[in-house]
Amino acid sequence: MKKLSILVVMAVAFLLSGAAEAKGLKIGVVNMQRAVSETKEGKDAEANLMKMKKNLEAELNRKLKEFYKEQEELQKAMAILKEDEKRKRLGEAKKKFEALQKRYLGAERELMKKKTEVMMKLSQKLGKVIQGIAKKDGYDYIFNNAAVLWAPRHTDLTNQVIRIYNGGK
């Protein structure tokens, strides 16, 4: 993996260097992360994810509050409970707490999965816009700027990609 990364960086450096320009190559870069987050669809998706996160947090906080209330009641009752009943109730409390932990981790995974799905879908759509720009404007290569250590400012096509994606020309 490390060797592949080094090769990609070297290839990009070559392409962005004067040697590439001497051969007449036209190269651009796009900040895909910014493009995804600044498109209207990306902003809407982010708002939906935040709403989903708040709803999940509210649900978990409500359940956690209930759990702590039950724990307080259990602590008060511990002095009068028989050993068998104490063990049983403590075991039940432990199972409830583990279920809460499992739900919390499940909610985190659910959010990450949804975010990944949204990012992939938007990235694919943005890829089509980028291909259109490459064909229309005669670009030989357009790279994600995450793979580029440095590029001249005039090669950054991010604003153009966002504008076209959002319906502007």
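Helices α4 and α5 each supply at least two residues of the lining of the largest pocket, where helices (H or I, at least four residues) and strands (E, at least two) are DSSP runs numbered from the N terminus. The structure is a predicted model, in which local features need pLDDT of at least 70 and side-chain atom pairs count only at pLDDT 80 or more, while totals for chains, interfaces and linings use all residues. Residues are numbered from 1 along each chain as its sequence is written, and side-chain values use heavy atoms, with hydrogens and water left out.

The largest pocket has a volume of about 260 Å³. On a 1 Å grid over the protein atoms alone, a pocket is an open set of points where a 1.4 Å probe fits, with protein on both sides within 12 Å along at least five of seven lines, and lining residues have an atom within 4 Å of a point; grid points are joined across faces, edges and corners, and a volume is the space filled by probe spheres set on the points. Of the 13 residues that line this pocket, Leu 56, Glu 57, Leu 60, Tyr 104 and Ala 107 are the closest to its centre. Helix α5 gives the most to the lining, with seven residues. Sorted by class, the lining has eight nonpolar, two polar and three charged residues, given that Ala, Val, Leu, Ile, Met, Phe, Trp, Tyr, Cys and Pro count as nonpolar, Asp, Glu, Lys and Arg as charged, and the others, Gly among them, as polar.

In the protein chain as a whole there are six helices and two strands, and from the N terminus on these elements run α-α-β-α-α-α-β-α. Buried residues (under 20% relative accessible area, with exposed meaning over 50% and partly exposed in between, for a 1.4 Å probe and protein chains only) make up 27% of the 169 residues in the chain. Of the contacts (heavy atoms within 4.5 Å) with a separation of 6 or more, 83% are between residues 24 or more positions apart.

A salt bridge is a side-chain nitrogen of Lys or Arg within 4 Å of a carboxyl oxygen of Asp or Glu, and by this rule the count comes to 11 salt bridges. One of them joins Arg 34 to Glu 38, with the closest N and O atoms 3.1 Å apart; because these two residues are four residues apart in helix α3 (residues 32-38), about one helical turn separates them. Arg 34 counts as partly exposed at 24% relative accessibility, and Glu 38 counts as partly exposed at 34%. In helix α4 (residues 40-77), Asp 44 and Lys 40 are likewise four residues apart, about one turn of the helix, and their side chains meet in a salt bridge at 3.1 Å, N to O. Here Asp 44 is partly exposed, at 38% relative accessibility, whereas Lys 40 is exposed, with a relative accessible area of 53%. In helix α5 (residues 83-137), Arg 87 and Asp 84 are three residues apart and thus separated by about one helical turn; their side chains form a salt bridge of 2.7 Å, N to O, and both residues are exposed. Elsewhere, salt bridges that share partners join Glu 59, Lys 63, Arg 103 and Glu 110 into one network.

Helix α5 also holds Arg 89, which counts as partly exposed at 28% relative accessibility. Not counting residues up to four places away in sequence, Arg 89 touches Leu 74 and Leu 81. Arg 89 and Met 78 are 11 residues apart in sequence, and their C-alpha atoms are 9.3 Å apart in space.

The buried residues of helix α6 are Thr 158, Gln 160, Val 161, Ile 162 and Tyr 165, and they pack against β1 (27-30), α3, α4 and α5. Thr 158 lies in this helix, which spans residues 158-165, and is buried, with a relative accessible area of 0%. Its side chain reaches the backbone nitrogen of Asn 31 at 2.8 Å, and the side chain of Thr 158 also makes a polar contact with the side chain of Asp 156 at 2.6 Å. A polar contact is a pair of N or O atoms within 3.5 Å; within protein, one must be able to donate a hydrogen and the other to accept it, and residues adjacent in sequence count only if both atoms are side-chain atoms. Leaving aside residues up to four places away in sequence, Thr 158 touches Val 29, Val 30, Asn 31, Arg 34 and Ala 35. Helix α6 is followed by Gly 167, whose phi is positive, near 105 degrees.
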